[in-house]
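Thank you all for coming; I would like to walk through one model this morning, going from the whole chain down to a few single residues. Please keep the structure open on your screens while I talk.

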Amino acid sequence: MHRRLLSAGAPRHRNQVWGGAVILLMVLGAPFVATGPATAASNGLWSVYPTAIPGQPSRVFVQPKLTPGKVYSDSVTVSNYTAAPLTFNLYASDAFNTPGGGLSLRRRTDPQVDIGKWIKFPAATLTVPAHMQSVVPFTITPPPKATPGDHVGGIVAEQTQGTT
């Protein structure tokens, strides 16, 4: 199974599984400055992005100020632009710095030890009907002894089957 995060100019291959991610920038008790823009993920066939809040501009990332031991609730929207239903694995992932200075997310099968462990969904899979979208709620519960500072991760929608 292949997993791919959307990046500018990323090649798209037929019959590969594509994973889109919404970057989460978490702050626990410390000021935070984003180091660069994150974008919602779309490959033209489907997308995942933070759910719009009525009366506010659309969001390209989620940046809540978290308090240890307190639950934060939000949602992402997964849209299917194809003529067939699509099924996804949904998971949260810790981010890490790559050797080249970029940011990447841990795989679904990798242990999550930080923000990826704190995020919970009502289900691990989602099927979105053709030409529809689904709003997926999630919660983030930092442990009572979570350290102050940045906790960066992402929410990943990983398509489980090809589209052709």
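Let me begin with a definition: helices (H or I, at least four residues) and strands (E, at least two) are DSSP runs, numbered from the N terminus. What you see is a predicted model, in which local features need pLDDT of at least 70 and side-chain atom pairs count only at pLDDT 80 or more, while totals for chains, interfaces and linings use all residues. Residues are numbered from 1 along each chain as its sequence is written, and side-chain values use heavy atoms, with hydrogens and water left out.

First, the chain as a whole. The protein chain has 11 strands and one helix, and read from the N terminus the elements follow the order β-β-β-β-β-β-β-α-β-β-β-β. Of its 164 residues, 43% count as buried, where buried means under 20% relative accessible area, exposed means over 50%, and partly exposed lies in between, with a 1.4 Å probe and protein chains only. The protein chain exposes about 8800 Å², with carbon and sulfur atoms supplying 57% of that area; accessible areas come from the Shrake-Rupley method with a 1.4 Å probe, and for residues only the protein chains shown count as cover. Taking contact to mean heavy atoms within 4.5 Å, residues 24 or more positions apart account for 72% of the contacts in the protein chain that have a separation of 6 or more.

Now to the strand pairing, where two strands pair if DSSP finds at least two bridges between them. An open sheet of five strands has the order β2-β3-β5-β10-β8, and the pairing is antiparallel. Its edge strands are β2 (41–42) and β8, each of which pairs on one side only.

Strand β10 deserves a longer look. Eight bridges join β10 to β5 in the antiparallel sense, with D74 standing opposite F138. With β8, β10 pairs over two bridges, again antiparallel: K120 stands opposite T139, and I119 has I140 as its bridge partner. In a regular strand the side chains alternate between the two faces of the sheet.

Strand β6 comes next, and here nine of the 12 residues, in the stretch 86–97, are buried. How many bridges join β6 to strand β11? Seven do, and the two strands run antiparallel, with D94 opposite G153. Four bridges link β6 with β9, also antiparallel, and in that pairing L86 stands opposite V128. The hairpin of β6 and β7 has five residues between the strands, and in it G101 takes a positive phi near 95°.

Not counting residues up to four places away in sequence, N80 touches several others, including W46, V128 and H131.

H131 itself is found in the loop between β9 and β10 and is exposed, because its relative accessible area is 54%. Most residues other than glycine have a negative phi. For H131, phi is positive, near 55°.

Finally, F121 lies in the loop between β8 (119–120) and β9 (125–128), and it counts as buried because its relative accessibility is 18%. The C-alpha atoms of F121 and F138 are separated by 4.8 Å, although the two residues are 17 residues apart along the chain. Leaving aside neighbours within four places in sequence, F121 is in contact with residues that include L90, V136, F138 and I155.
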